[in-house]
Amino acid sequence: MDRIIENSEKEQEIPFMINSMIPYADDVDNVDIYYEESLRNTQGPRKKSLSLRRNVDLTLTISPSDTESLGDEPISPKTALVARNDIDETPSLPLPHNLRRNSISMPSGLNALADLENLRLKHQMHTQATVMEEEKANSTPTNSVIDDTPNTITISIPDRNVVATQYHKNEDSDENDDFELSGRRKKGNLFRTKRRASIAPLPALRLNDKEMLASDFDTYSLASNQASITSVNSVASLLREKMQAFPQMIRKKKRETKDYKIKIFVIMMFFITVFLISYAYVGYHRHVLTYSYFEKIKFNSKDRFIKILNHENKIVMSGQLGVTINMDSHPFHCLEDRRKQDGSVCIEWNGVARLYMNFQDMDVFRCYTIHWQALSANQFPIDCYELTRDNGLWFGGGISKNMQWSLSTKDFDFSPYASGDAKVHQFGNGVKRYFINSIGVAIQVNEKSPLHLMANTTANEFCLKAQNDDFTFVNRLTPLPELQYKICTTEDMRSLHMLMTQQSLWDGLKEADIKMLHTLIEEPVWQIPHQNQWDSLNETTIYNYSEDVIAMGFMRLGHILVSEFWQENIGDFTVDISRFPTLKETIDVLHRRGFKIVFTIQPFISTDSENFKDAVRKKLLIYERHSERSIPALTRYKSVSSAGVLDITNNVSIPWLKEKLEKLKEEYKVDSFYLDLGTSYNLPHYYQCRQTLDNPDMYARLFTESLENIGFLGVSTASRAPKPPAFLSTLPINSSWSGLREIMTAVLNYGIIGYPFILPGAIGGDYALAKSKTKMISFYSLPQPTLPEQELFVRWMQLITFMPAMQFSHLPSEYKSDYITDVTKELINVRKSIVIPLLKKYLTESMNEGLPLVRPLWMLDPHDPACLSISDEFSVGEELIVAPILEKSVEEREVYLPQGVWKDGIDGSLRKGSRWIHSYKVPKEKIAYFIKLPDNTRF
């Protein structure tokens, strides 16, 4: 049974609770201020005790058996608490967050906890006796909480109004370390001694915005000391403490996370600020270093960035000049003896390159000349411009590999700009150094520059480079490479194109030439079918083919084109009598029936020909480079495996050739010729002419110009528009649906660069290959394809109906089908009634301004963005829109009509322009075309 332990003279009181100067944990925020005020005012009504206000039971109960071990020693609250914890297994209160668990290491020599405790109590009670005597004299009666429960110790709670007791400083006492002799509290823990302060919690802490009670602190303090000597309870309390502190740890991590985000935000803002400052710095210095030349050129000579402005001061072109020049190289103005006298600005990079810029003003038409001169052997001038800007597209250069419509959609590395086979080389058979952008800017490169081109859609770059090589630009016209070109701007794309391609094709034109031009537009070209053997073509073949044409009865008779196999060996320039014994009479019959006869000629002379020996003896052939002129340079072309090439720069070669052709025309009454010149890559690799050529394409140009008086209706290769009535023929086309699409792309691209008259090849294709060859088609003599499928032939003929000229190889009658015959008759009627009158109407405009007869839609409305991207529609002049079907088994398509009112060619309905027609039905026997009506037309 528990008993109440009492002292014979007075009730045993807790020493460290006597001092009423210690504030309650929830009374004030600043304990030191309260402590000082209490010293000044020790009287006053007593506030309710914490036990009453908080309803906290502070009674401690100790079992008698636990106190016997203490003997006669006085019982302290701590001793009582130790005894209570040994028998009372009630869990201790959880420690607040962030409070360290007590841990005491026992010194050696103390084997009993009781001995250690007795020593401490003995020292404590010595000091307590002095304190009790001073308390008895100075203190007022205290309010105590009495518990009548037997066998318990009652702990007295002193009144808060009691005057503070002044402790005497005792250096050996840990109890009084927190107080000065004057009674003023030291800066330290209000509840703990120095030793306990290192391992016990503070008296008042704010946990989750709530202040811990003073009584709770006392309980924690006692519990903490007890746990220091009881290992089992210590581990249990530690676990409970960690578990109960877990939610508070999560809250702390959330606060830390917020701090972490703020730090990241501050760091990001710092870097953004640094970037903006750096960008502004670089931009400012570029602006400072950018000079305005000729009012419309902004050029930074250090970084070599250039901007071209139009007449409205809007940037239409920007790029970087001299890309290969090191950025560390500093420019300076040229010396006086290096400057030009035409007003050009001259800037030089010492030992690297020299740049000339000039300006030509023609009101709204402005042109700027850029001229680079390399000053070292390993320096190749390169200028790069934006491939796309403000949705503008680049066109020009002719056709290229894969037949893309716009240059802005192509990707290719630097390639020499020369005519070739577009299936193998980068560019096709018709070339011109002219490029135009839809926003009203164009580039024209000088013929003497060894031009290489590159386009990169990823880097958005279109680059020009001047570099000599071992074949295309083997002739070094200047000691070091030079790049010279002209940039022109004006109001819109159409006006610019007219100014840039303006050339009069009327000069030197005869009445017979005009008549021939009209016949090519009005009448078809009939290409005699042949196989790859030279003996497959004979006199009977020609006659029978003409009979089949006449037998159809509904088509006009035109030009019969005979391949190069009319001669025994290529280069004989005489008729093979063995196969054409009565060719004179046959041609005379054909003339009376209304046909015109055209022979194909080539500049190649087979080594098997008698003329080869004569040409070698007279030194009429291109010779090997770095050799004597008596050694001819050989090549191959089509059916000829070994042939020499006439040197057109030799003043003797042209008269020699003209003599033979004139004799042929006089003897056989041949009407004209077709010049099959091959491409630049068909020249001998190590070619050398009597006169230096600017580039390989100069050969075809000189050959064409030299034979203008002989009369010819077409050429296979050109770098400049041939004199009418000559048409530029497309490359041989494969008989396939892809070949049909290539025809349309080629005609439109050639028209853009200044070739108004195009001969689009035979309907149905020129040859048939299951897969593309890896070598040039011109290396092979390919036979005529077999009869194409009906749908392909019909769609092909529908497209060619609206072209400047029509060419047949397979006749529609070969199908022996009424369906094919009816479709052909309808298309021929459309051409006669609609197409031919329009072609003749715009013929004069094409002759005067170089505009094509068949045009892309953007020439009708250059300000309509939809017209720029459409590659499967075209216009004849400005009054007819054609939308062909170019895919197999397709009978509907999307159609776009530019502004205006248009009449549907299929059903005759009226349609408003500047809009799309979706899912427009086009039967297999029909082609979609729309005729423009006058602007004042009303629905």
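# Links, strands and helices

Q: How far apart are the sulfur atoms of C367 and C488, which form a disulfide?
A: A disulfide here is a pair of cysteine sulfur atoms within 2.5 Å. C367 and C488 form one, and their sulfur atoms are apart by 2.0 Å.

Q: What kind of model is this?
A: Residues are numbered from 1 along each chain as its sequence is written, and side-chain values use heavy atoms, with hydrogens and water left out. Local features need pLDDT of at least 70, side-chain atom pairs count only at pLDDT 80 or more, and totals for chains, interfaces and linings use all residues; this is a predicted model.

Q: Which strands hold C367 and C488?
A: With 105 degrees about the S-S bond, the C367–C488 link is right-handed. The two cysteines are 121 residues apart, so they join distant parts of the chain. Strands are DSSP runs (E, at least two residues) and helices are runs of H or I (at least four residues), both numbered from the N terminus. C367 lies in β12 and C488 in β20.

Q: Is C488 buried or exposed?
A: Buried means under 20% relative accessible area, exposed over 50%, and partly exposed in between (1.4 Å probe, protein chains only). The relative accessible area of C488 is 0%, so C488 counts as buried.

Q: How many residues apart in sequence are the parts tied together by C334 and C346?
A: The sulfur atoms of C334 and C346 are 1.8 Å apart, and the pair forms a disulfide. C334 lies in the loop between β9 and β10, while C346 is in strand β10 itself, so the parts they tie together are apart in sequence by 12 residues.

Q: Is the link of C384 and C463 left-handed or right-handed?
A: C384 and C463 form a disulfide, their sulfur atoms 2.0 Å apart. The angle about the S-S bond is 110 degrees, which makes the link right-handed.

Q: What is the pairing of the bonded cysteines, numbered in sequence order?
A: The count of disulfides comes to 3. Taking the bonded cysteines of the protein in sequence order, the pairing is 1-2, 3-6, 4-5.

Q: Which strands stand at the edges of the sheet?
A: Two strands pair if DSSP finds at least two bridges between them. Here 8 strands form an open sheet with antiparallel pairing, in the order β9-β10-β11-β12-β20-β17-β16-β14. Each edge strand has a single partner, so one side of it is left without a neighbour in the sheet; these strands are β9 and β14.

Q: What is the bridge partner of D361 in β12?
A: Strands β11 (residues 353–362) and β12 (residues 365–374) pair in the antiparallel sense over 10 bridges. Within β12, the bridge partner of D361 is R366.

Q: At about what angle does helix α9 run to β16?
A: Axes are lines fitted to C-alpha atoms, for helices over the stretch in contact, with angles from 0 to 180 degrees between N-to-C directions. Helix α9 (residues 493–500) lies across β12, β14, β16, β17 and β20, and its angle to β16 is about 165 degrees.

Q: How are α16 and α17 oriented to each other?
A: The axes of α16 (residues 737–752) and α17 (residues 790–800) come within 10 Å and cross at roughly 5 degrees. Angles under 35 degrees count as roughly parallel, over 145 as roughly antiparallel, 65 to 115 as roughly perpendicular and the rest as oblique. The two helices are therefore roughly parallel.

Methods
Contact = heavy atoms within 4.5 Å.
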